[in-house]
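Reader: I have a structure open and would like to go through some parts of it. Can we take it piece by piece?

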There are 2 protein chains.
Amino acid sequence: MSLVVQKYGGSSVADADAIKRVARRVAETHRAGNQVVVAVSAMGDTTDDLIDLSRKVSGSEHPREMDILLTAGERISMSLLAMAVRDLGVGAQSFTGPQAGVITTGAHGRARIIDVAPGRLRATLDAGEVAIVAGFQGLNQETQDVQTLGRGGSDTTAVALAAALGADVCEIYTDVDGVFSADPRIVPSARKLAHITYEEMLDMAASGAKVLMPRCVEYARRFNVPIHVRSSFSGLEGTWVVGETEGDTMEDPIIAGVAHDRSEAKITVIGVPDVPGSAARLFEAVAHADVNIDMIVQNVSAVATGVTDISFTLPMASVAEARAAIEADRPLIGYTELVSDDAIGKISLIGAGMRSNSGVSARFFAALRDAGVNIEMISTSDIRISVVTRAESVDTAVRAVHTAFGLDSLQGEAIIYGGSGR
Amino acid sequence: MSLVVQKYGGSSVADADAIKRVARRVAETHRAGNQVVVAVSAMGDTTDDLIDLSRKVSGSEHPREMDILLTAGERISMSLLAMAVRDLGVGAQSFTGPQAGVITTGAHGRARIIDVAPGRLRATLDAGEVAIVAGFQGLNQETQDVQTLGRGGSDTTAVALAAALGADVCEIYTDVDGVFSADPRIVPSARKLAHITYEEMLDMAASGAKVLMPRCVEYARRFNVPIHVRSSFSGLEGTWVVGETEGDTMEDPIIAGVAHDRSEAKITVIGVPDVPGSAARLFEAVAHADVNIDMIVQNVSAVATGVTDISFTLPMASVAEARAAIEADRPLIGYTELVSDDAIGKISLIGAGMRSNSGVSARFFAALRDAGVNIEMISTSDIRISVVTRAESVDTAVRAVHTAFGLDSLQGEAIIYGGSGR
């Protein structure tokens, strides 16, 4: 008997029929002899509707009350799903995050799970019933208040439940068939990956692949929870996100995929004194504004002038705050001009195999050159190369790189499946 | 400094503007130097909408899950109201029934409050903040599940909070100006009562006056909580529901008002053997079907036949169940025919003064006779006379009785305010 945690997102439970469809899958999994725990998001647009309603009532921030408000969404979907499962003759009970023992800490609206006390869920499973748990929420034990986890929270709930219960798999049901070697809307020949490592998935997610949020993958890696990303519509085998792939290392792919991201902007600070500490002052100012930055490039200083330019990328939504913070500290930083640019895109090539395979960078840059794509910034890790380009070059760049690494599904497998040397 | 509990129903918080209006009243009450606890219902039609949604998902009964579903409604209204109060510069926090310490027992969907542990509310008040509590719900400590209280539950929540906190008053805000001597839609000259005793209010409520539910009045009487029923729109002084009126008993009204009820039906069981135990068998059958009955009349037995007829009234919605139960036990009861009648109405005259004033019944029946209203059943208590008539006679009967007892607001007060003799 396996213990399976399943997570269904808002689009999988968008209406009464969708809830009944999910219920059939839950009941089938239970009838197949598994113990089943389900983490569920709010139905369709419920969360957005509640946010809209709150804006009609108040123009201010009320984080504690907003979390209470938003958690009504999962309360509705989880109880309805439990009813639908019970109608199929399978015992089921729904539990809020606090009832399920999900303990959180941190700020309202973006809390973190610090522990799961799964006693009540375990008792439900032991009684032969399905436990249906509200995703996206938990109890802050200090304040005894409910908190929400922020974006991707329901996936994280599912992984945390799987970890706490020692589940055999955490199935994340979504509206796509799995993790692809590139966005199929840009690259129609993109292939579904049979498996991908936690590290690759983390870099894919951080580079713009939206199928999983980095925090959920990070949690899974920490507790070694196998994730199976699959479609709630097709029933096909999806993509397994796991630790280092076992078995024949000859079959490890060098490259997992190509990710892209058009949600970032670039800020360039011109004429920064090229003395120790000036970059530190700049990024302290940005950090105090609670802005997350991604790539950073500092130009080679012109010796004659003694000043340099610093560029960095950040979420488009944070540009105004970052600019304000930098301008406020202008006397301290001492720059001459501040420029921001929303029209950028980022393309990233990800693959654990590039650790031990030379020539990956060369092939990557050659592909972009041949496609006529101009590179504005470069950043690399041991399993990733990322470049910033003009936003309008992103599609061309993704297709060119995808083809150059033999990822198109009609091409041979020679380049993808090379010896990794590990 | 007074401690005021205020209760706002669904129509008082139907939309964002209504919530902001309620927030202003809450903030005013707080600014006037009072400690304020608010019990709030779900917005407008939310509860009905959630019930409709559940019916799309499931045709079966799932009491535990239904309670989880429905409590999402108060979660939304309470958090929005807290935001709106905070926007007015008054500290406020919202609490679910379980968080507020409301402890329930009994069946899902119609649980009863058995205790309130007001520690968290008291701390909120001590911190100078307003506590906003979800009505209609509480925690069953044995199962650790949320339960709803059924109809009128939010009023009962408010009274229970007032009792637990030793509040000076429990203000029930509604869409009418208070308790009237009759339904103003039938009797335009009906007067708003300045005060009414718990007992009178209990009988008014049990006789069809919809402004308060009997269970809430019963709770208030038990803990001697003064209730002030008033309009959430007008700001006028409403009706005080209190214990025995203090002061000059010369001013106690004999009659509080005339209530009517068109929601009942009558079942007549014909040809029941007139032997000991036959009525008991009949009503045991009905009780096992969980049907509440109201009035009972047994005809004088015709000595020659040795059989009698028994009539009783019950909620219209329970007729089918009651009939089925009686038919199932027909061999045991041994009747000849079973007849039900939906077209009845009940008119009740209520007043604590009738205990010590003779002639009330005579005046009541004379008024009905003069109005040409035929009486089918009669039932009395020490402070109430009720009759069953044809449904179409209800309006005529209510007006005739209201006038006969001098309750019309343009008449003198001579008859209403008589010496009570107590």
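Author: What follows goes through a sheet, a helix pair, some cysteines and one more helix. Keep in mind that this is a predicted model.

Reader: Sheet, then. In what order do the 4 strands of the open sheet in chain A come?

Author: The order is 15-16-14-17, and the pairing is antiparallel. At the edges sit strand 15 (296–298) and strand 17 (337–341) of chain A, each pairing on one side only. From one strand to the next, the twist averages 15 degrees.

Reader: What holds strands of a sheet to each other?

Author: Strands pair through backbone hydrogen bonds, in either a parallel or an antiparallel way.

Reader: Over how many bridges do strand 14 and strand 16 of chain A pair?

Author: Strand 14 (residues 264–273) and strand 16 (residues 307–315) of chain A pair over 8 bridges, in the antiparallel sense. Within strand 16 of chain A, S311(A) is the residue opposite T268(A).

Reader: Which helix packs on that sheet?

Author: Helix 8 of chain A, residues 278–288, does. Helix 8 touches strand 14, strand 15 and strand 16 of chain A, and its direction makes about 25 degrees with that of strand 16.

Reader: Now chain B. How do helix 4 and helix 5 of chain B cross?

Author: The axes of helix 4 (residues 119–126) and helix 5 (residues 153–165) of chain B come within 11 Å and cross at roughly 75 degrees. The two helices are therefore roughly perpendicular to each other.

Reader: Which residues meet there?

Author: From helix 4 of chain B, L121(B), R122(B) and L125(B) meet L161(B), A164(B) and L165(B) of helix 5. The residues of this contact divide into 5 nonpolar, no polar and 1 charged.

Reader: Different topic. How many disulfides are there over all chains?

Author: A search of the whole structure gives 0. For C170(A), the nearest cysteine sulfur is that of C216(A), 6.7 Å away. A disulfide needs the two sulfur atoms within 2.5 Å.

Reader: Is C170(A) buried or exposed?

Author: C170(A) counts as buried because its relative accessibility is 0%.

Reader: Last one: how many residues of helix 6 of chain B are buried?

Author: In helix 6 of chain B (residues 198–206), 7 of the 9 residues are buried. Among them are Y198(B), E200(B) and D203(B). Just after helix 6 of chain B comes G208(B), with a positive phi of about 120 degrees.

Note on methods
Residues are numbered from 1 along each chain as its sequence is written. Chains are lettered from A and ligands numbered from 1 in the order in which they are written. This is a predicted model: local features need pLDDT of at least 70, side-chain atom pairs count only at pLDDT 80 or more; totals for chains, interfaces and linings use all residues. Side-chain values use heavy atoms; hydrogens and water are left out. Two strands pair if DSSP finds at least two bridges between them. Axes are lines fitted to C-alpha atoms, for helices over the stretch in contact, and angles run from 0 to 180 degrees between N-to-C directions. Contact means heavy atoms within 4.5 Å. Angles under 35 degrees count as roughly parallel, over 145 as roughly antiparallel, 65 to 115 as roughly perpendicular and the rest as oblique. Ala, Val, Leu, Ile, Met, Phe, Trp, Tyr, Cys and Pro count as nonpolar, Asp, Glu, Lys and Arg as charged, and the others, Gly among them, as polar. Buried means under 20% relative accessible area, exposed over 50%, partly exposed in between (1.4 Å probe, protein chains only).
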